[in-house]
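Trainee: Hi! Could you walk me through this protein?
Mentor: Happy to; let's look together.

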Amino acid sequence: MDADVVISGGGPTGLLLAAELRLGGARVVVLERRAEPDPVPRANGLVGQVVTVLYRRGLYRALARHDRGPRALVRRWFTGSLGDRPRPVRGFSHAGFRLDLRRLRDANPLHVLAVPQRRMEQVFERHARGLGADVRRGHTFAGLAQDGDGVTVEVDGPDGRYRLRAAYLVGCDGSHSAVRKAAGIGFPGETSREVVIRMAHVVLPRAALTPAGALRAADGTAYRPYQLHRTAHGAFSFASFIPGVHVLSTHEWDAAAPGEQVPMSVAEARTSLSRVVGADVPVAEPPSDGRPWILRRLTDRNNRLADPYRAGRVFVVGDAAHVFAGFGGSNLNLGLQDAVNLAWKLALVTRGLAPDALLDTYAAERRPQARRALDRTREQAELMAPGDEVTARRERYAARLREPGFLREVADAVAGLDLPYPMGQGPALLGRMAPDLRLTHDGRRIRLASLQHGARPLLLDLTGGSALAAAAAPWRDRVDLVRATPRDPGTPPALLIRPDGYVAWTSPAPDDPTGLTDAVTTWFGPPRTTP
């Protein structure tokens, strides 16, 4: 075998998957057709649970470090500060509503990290290469043939076509995934053309902006940045990630527009914004400094889920597995979590430590999450549409948001916490992300996240004793036993935590291993060693 896993696609999802596989001990080759990271601006940040996942890998500081100067507005608007670990945001935009998350106090689950996609790729690629991943830029997936022992991957490289032999192939190559098509994996869903979306980098006149950065309309309305606004004629949002330049996005229902193949102009973006707001806004073109500015029109909104996520030895991850258009912006957040979920399972299987059946839990766990995200995307689209009936529905929805329980439900959904994994039967923590516990370990005060940088399974013993250690000893080659003292009340006596951060088992009593060997065997394979 040339590699344990070949990954087609070197965007953020493929590169993070490569790094996670290397942490698990798998040999990885990444094929990326672009010689350099794409300079065209795309995603501008991450939202929800994925932020805490990256924090647990020790990547948060590197991703947040770019955030200086003009981006202080982003920090102030969302969180007030970044610091060395993520803090819940004070407010967030959902379906055109401003969620006041301060009302949730300690139950607020929502985190935001403002970071451009290009920076993500740089950080993830450096991380993956540093761990030993073989990242091949300028190399393109060209075909596959799989059998019972592995996958033969055809690759077009700078010097011609060649073949790679691997145990598994993963497609992280976007919504038009060549891997998905070659593997015969379906991509059912729907394409809607009722909404025209226009996105452009523009310069908004300083006189039209308040000191806090809001856009003043002719009728006196102040529209906040970083929030989607519904009007009688459509919806729009704007945000500044570059000094003096805003990313403008407009949504118009049943608006006549040329196809996506026809180039868009800043003048078209200005006209669209003026229609949506109901008054002219003198939008100007950004400076011609050679930077690749966004200028894009979308007339087709695709909402699709791959079915299945796996075909033999081939998997799809990220945009190759799911696409949601128009509202919510959940594709990248979901894709990165797909990668973290699949990687440790592939690593265990390729190392011969766990059975192939473990890989089926990837689709069982991640596809329902994508389905739920698709439902949320549709709900937001319905709540943003024009019309008196929708306005009445929004009034009812706004009233429900004043209820703490419903606000928490919406916040959990936006953060990606809305659907416990199938193992979540029993104690409240089982099947959910482990909290970032405050611990005392080896005489030092630490947080649980600092023990998860290496993506190792973790048995966290918070009471001491010998029974847990004896029960876990046959798995000491792959499960780390850590004894610590909790500094948070109500913590279970012991937790078994998967590499992706989810709790796979909790102890029913101090030093009680009941159910532990079954949980370890289920998730990390049969034992190889003896006590």
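Mentor: What follows is a short chat about a few places in this protein.

Trainee: What kind of model is it, and what does the pLDDT average?
Mentor: This is a predicted model. The average pLDDT is 91, and 93% of the residues score at least 70. Over residues 68–81, though, the pLDDT is below 50. That stretch still has 31 contacts in the model beyond near neighbours in sequence.

Trainee: Okay, pockets. How much space lies in the second largest pocket?
Mentor: About 970 Å³.

Trainee: And which residues lie nearest its centre?
Mentor: Those are Arg56, Asn108, His111, Pro435 and Asp436, out of 34 residues that line the second largest pocket. By class, its lining has 15 nonpolar, seven polar and twelve charged residues.

Trainee: Which helix gives the most to that lining?
Mentor: Helix α2 does, with four residues. Both α2 (49–56) and α11 (404–415) supply at least two residues each.

Trainee: Switching topic: is Glu125 buried or exposed?
Mentor: Glu125 counts as buried because its relative accessible area is 11%, under the 20% cut-off. It lies in helix α5, residues 117–130.

Trainee: What does Glu125 touch?
Mentor: Leaving aside residues up to four places away in sequence, Glu125 touches Leu15, Val135 and Arg137.

Trainee: What about the peptide bond from Asp307 to Pro308?
Mentor: That bond is cis, with omega near 0°. You'll find Pro308 in the loop between β19 (301–305) and β20 (310–311).

Trainee: Last one: how do β28 and β29 run?
Mentor: They run antiparallel, with three bridges joining β28 (residues 494–497) to β29 (residues 503–506). Leu495 stands opposite Thr506 in β29. The hairpin has five residues between the strands, and Gly501 takes a positive phi near 95° there.

Conventions:
Residues numbered from 1 in each chain as written. Predicted model: local features only at pLDDT ≥ 70, side-chain atom pairs only at ≥ 80, totals over all residues. Heavy atoms only, no water. 1 Å grid on protein atoms, 1.4 Å probe; cavity = no way out; pocket = protein on both sides within 12 Å on 5 of 7 lines; lining within 4 Å. Points joined across faces, edges and corners; volume = space filled by probe spheres on them. Nonpolar A, V, L, I, M, F, W, Y, C, P; charged D, E, K, R; others polar. pLDDT = per-residue confidence, 0-100. Contact = heavy atoms within 4.5 Å. Buried < 20%, exposed > 50% of the residue type's maximum accessible area, 1.4 Å probe, protein only. Pairing = 2+ DSSP bridges.
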